[in-house]
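Hi everyone, thanks for making time this morning. Please bring the sequence and the structure up on your screens, and then we can walk through them together.

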Amino acid sequence: MKKLFTNDKFFLAMTLCAVLGEAIYAIISLCIMPEFLMANIQLLFRVALVIVLYRSYHRHNKNVMKGMMGCLLTAQVLTGFSFMTLPKLFTGDRAVYFLYLLLSLAMFVIHFIINSDHHSSPTAVRINEVCAILLVLVNTIGTIGVIVHDNSALTVLSYIVDTIGFAGMASVVVCVESRLDAYRTLREANGYKPE
């Protein structure tokens with residue numbers, strides 16, 4: 001898993017999935033569900049955060065990177081709480097929403113554990129990688145449940161691009177964390193002792 005999340009092509013692919021998938025979803029959603037204007041504005045804000053995170057990584061601006069990761073994870077946790085307020089759509093949806101919230105909270109907390117000092121944290125990074133994969137699976141299951149109940153062509157298309165976008169959005173933070181931790185591990189192997 002470490003090789004996947006530290007791979008340059010995977011990082012770029014997940015960034016493109018997040019930006020294109022969620023931007024397209026927001027545009028379609030604004031057309032078919034204009035009553036969810038605020039949710040789509042928040043989603044477009046998260047897309048902007050992903051772009052800034054990607055650019056800050058390539059510019060080696062760690063302070064901006066850490067801020068963007070914290071913002072993205074906070075938005076993900078808030079989305080999890082908002083899911084808990086949705087009406088029941090299908091059998092088991094409360095369990096899906098709860099797992100989404102639980103995994104989002106876990107990623108949020110672990111992010112701050114990883115960044116609480118300058119030492120490498122390979123175990124915490126690995127846990128966040130697993131959480132991201134499980135979160136994508138849980139989100140996909142939830143999306144399938146919604147599609148079964150509203151299977152108009154435009155709705156199905158919007159949820160497919162949202163699922164792809166969400167996979168990217170859940171992965172970009174873990175890609176950066178994995179890369180920063182790989183750097184810390186290498187630095188420590190070369191004799192650097194963090195304060």
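Predicted model: local features only at pLDDT ≥ 70, side-chain atom pairs only at ≥ 80, totals over all residues.

Here is one to start with: in which handedness of crossing, left-handed or right-handed, does α5 pass α6? The crossing of α5 past α6 is left-handed.

Residues are numbered from 1 along each chain as its sequence is written, and side-chain values use heavy atoms, with hydrogens and water left out.

Now the overall picture. The protein has seven helices and zero strands, so it reads α-α-α-α-α-α-α along the sequence. Helices here are DSSP runs of H or I with at least four residues, strands are runs of E with at least two, and both are numbered from the N terminus. Along the principal axes, the C-alpha atoms fill a box of roughly 60 × 30 × 25 Å.

As for burial, 47% of the 195 residues count as buried. Buried is under 20% relative accessible area, exposed is over 50%, and partly exposed is in between, with a 1.4 Å probe and protein chains only. Among contacts between residues at least 6 apart in sequence, 73% join residues at least 24 apart. Contact means heavy atoms within 4.5 Å.

Let's look at how the helices pack. Two packed helices are described by the angle between their axes and the distance between the axes. The axes are lines fitted to C-alpha atoms, for helices over the stretch in contact, and angles run from 0 to 180 degrees between N-to-C directions.

Back to our opening pair. The axes of α5 and α6, which covers residues 122-149, come within 9 Å and cross at roughly 160 degrees. That makes α5 roughly antiparallel to α6. The cut-offs are under 35 degrees for roughly parallel, over 145 for roughly antiparallel, 65 to 115 for roughly perpendicular, and oblique for the rest. On the α5 side, the contact includes V96, L99, Y100 and L103, and on the α6 side the residues include A124, V125, I127 and N128. By class, this contact of α5 with α6 divides into 17 nonpolar, five polar and no charged residues. Nonpolar covers Ala, Val, Leu, Ile, Met, Phe, Trp, Tyr, Cys and Pro; charged covers Asp, Glu, Lys and Arg; the others, Gly among them, are polar.

What about α5 and α7? Helix α5 spans residues 93-114 and helix α7 spans residues 153-189, and their axes come within 12 Å and cross at roughly 25 degrees. These two helices are therefore roughly parallel to each other. The crossing of α5 past α7 is left-handed. Y100, M107, H111 and I114 in α5 meet F166, A170, V174, E177 and R184 in α7. That contact has six nonpolar, one polar and two charged residues.

Helix α7 also packs with α2, residues 8-32, at an angle of about 145 degrees and with the axes 6 Å apart. This crossing is left-handed, and the contact has 20 nonpolar, seven polar and four charged residues.

Y54 lies in helix α3, residues 37-58. Leaving out residues up to four places away in sequence, Y54 touches F11, L12 and T15. H60 lies in the loop between α3 and α4, and its phi is near 60 degrees, a positive value in a residue other than glycine. H60 counts as exposed because its relative accessibility is 67%. L37, in helix α3, counts as partly exposed at 45% relative accessibility. T185 sits in helix α7 and, at 32% relative accessibility, counts as partly exposed.

Technical notes: Left-handed = near helix turned anticlockwise from the far one by under 90°.
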